[in-house]
Amino acid sequence: MTALTRQVPPKPSVSPPSNLARITNYQDLVKIEECVRYYPPNLEPVSNGVEIFSAIGESRDREIDLFVDVPYCGTICGFCPFNVYRYKEEEALRYIDSLEKEIRAIRSLNDLTRTRVRTVWVGGGTPTRLSIASMNRLLELLDTNFDLRTVVEFTMEIKPTQSDLVEEKFDLFRQYGVTRISMGVQSTEQKQLEILGRGHTAKDALEVVDKIMGAGFPLNIDMMYRLPGQKHKEVEQDLENVRSLGIDHMSWFPYVPHQGTRLASRISNQQVAKPADREQYFAMFETVLERLSLAGYDQYTPYHFAKSRRCDYHVDRWKMPQLETLGLGPGAFSFFNGNIYTNEHDPAKYAKMVNENVPPVVLAKKLTQTERTSRLAVLGVKFFGLELSKFETLTGEIFTNYYKKETDLLTRAGLVELKADCLECTIAGRAFNNDVATAFATDVARRTKHPQALDLMRR
Ligand SMILES: C[S@@+](CC[C@H](N)C(=O)[O-])C[C@H]1O[C@@H](n2cnc3c(N)ncnc32)[C@H](O)[C@@H]1O
Ligand code: SF4
């Protein structure tokens, strides 16, 4: 089917599900967003991660996704909830030393010889803010310490800051097997970029798109909608501006104001307008889906649209059964050896831990049987269709019995439909996917705030 004849998805049979309109304020939305991304959220303090790694013994053969967090950016955007710090050369150099020590600490407990990496994601943060020498060291560290022979995808995250994107860095990407670049564009409207505090123009972003495509790297761009005060027609304009660029993969995130960020404070102080409400958001979501579908993009998660190739990193980490992820760097998240855990966020404290040759883990949770079962569904439903027989094979539970109450509720709300071997999300279920996902979370997880949000509030 060519791009132009591709069918537009049918209109949803319901408007935004009013009986699930229980998200009354932004904080609820943020809590849910985080809960479903890093399920389960009820992690507990630990003094180090020795047990997580030593429990593996000499390990079985395993395939993992590898995430490397580079927590530095040239400027910190007003909307950003991630663990990021203003770039300083000396700190970045210390960070690379610490990263090496973190890898050494893990490998002293398990040499990882039977662990093969399937995908790599170097992000954060803005890794391309690193100097050429530091980028070289980072990529060399990964290359010498992990089995990357069977990597199917290697993504490097960048920001469209022209001065950071020198040709030597692209040469390093080629040398170390980077296969794909992911770049935040966010908006093509200058007024919005200023509200977001991006520190680059739309022209910069479009020039860098050309540069990357000219260098031959498949590209993902991150776009945001439901921005403060943004009107429906402005989302249409953004879609118009990017859909014909020939980019293979796009991510479209509805903006969520995170407490502790500059932009969220400006919204609460009424210095900038609020983002769209649920109903307006739903109309925007439909437009994004419709326009991108017409342009030949297939939506495969609430945020991700692919023309020819889905992102393996997203598929691996979310699709049932989820692959393990080993996260490195300050604040990185991991799902490893039956545990969910997070590294120390503060680069100085992280450095102190790795100097003592211990994995820098501060919060962790060994998943219970119930959480393992829930995690399959909470994350798996991001792919809009849960294979019921696969769920049964993986858990021994019949989905429609195990989640009978939830399936009935979500069906009545017009968010899901039961079809043969599949629990399928409707268009409303795609747009309000977090509502669907949280229905499958265990009670304790629903009540627990995610540590990343807590961390931000302490700042
Ligand atoms: C890890 S960030 C980093 C990307 C890169 N450093 C950049 O900004 O160009 C990945 C993406 O998450 C999205 N994002 C960040 N904060 C968000 C928020 N508060 N609400 C919705 N999406 C957000 C943005 O589109 C961003 O590009
Ligand atoms: S959005 Fe990207 S560039 Fe902006 S502060 Fe966050 S990680 Fe850094």
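Mentor: Residues are numbered from 1 along each chain as its sequence is written, and chains are lettered from A and ligands numbered from 1 in the order in which they are written. Since this is a predicted model, local features need pLDDT of at least 70 and side-chain atom pairs count only at pLDDT 80 or more, while totals for chains, interfaces and linings use all residues.

Trainee: What makes a residue one of the 17 around ligand 1?

Mentor: A residue is near a molecule if its C-beta atom, placed from the backbone, lies within 6 Å of it. Among the 17 residues around ligand 1, Lys159, Gly184, Asp222, Phe253 and Val256 come nearest. The largest share of this shell, three residues, comes from S7, a strand spanning 180–186; strands here are DSSP runs (E, at least two residues), and helices likewise (H or I, at least four), numbered from the N terminus.

Trainee: How do you know which residues of the shell around ligand 2 count as nonpolar, polar or charged?

Mentor: Ala, Val, Leu, Ile, Met, Phe, Trp, Tyr, Cys and Pro count as nonpolar, Asp, Glu, Lys and Arg as charged, and the others, Gly among them, as polar. The residues around ligand 2 include Cys73, Ile76, Gly124, Thr126 and Lys159, and this shell divides into six nonpolar, four polar and one charged.

Trainee: Why are strands S16 and S17 said to stand at the edges?

Mentor: Two strands pair if DSSP finds at least two bridges between them, and S17 pairs with strand S18 (residues 422–425) over four bridges, in the antiparallel sense. The open sheet has the order S16-S18-S17, and S16 (385–387) and S17 (416–419) each have a single partner strand, so one side of each is left without a neighbour in the sheet.

Trainee: Why are helices H8 and H10 called roughly parallel?

Mentor: Axes are lines fitted to C-alpha atoms, for helices over the stretch in contact, and angles run from 0 to 180 degrees between N-to-C directions. Angles under 35 degrees count as roughly parallel, over 145 as roughly antiparallel, 65 to 115 as roughly perpendicular and the rest as oblique. The axes of H8 (residues 232–243) and H10 (residues 278–294) come within 10 Å and cross at roughly 20°, and the two helices are therefore roughly parallel to each other.

Trainee: Which residues of H8 and H10 meet?

Mentor: Residues are in contact if their C-beta atoms, placed from the backbone, lie within 7 Å. Those meeting include Val235 and Leu239 in H8, and Ala283 and Val288 in H10.

Notes. Two residues are in contact if their C-beta atoms, placed from the backbone, lie within 7 Å.
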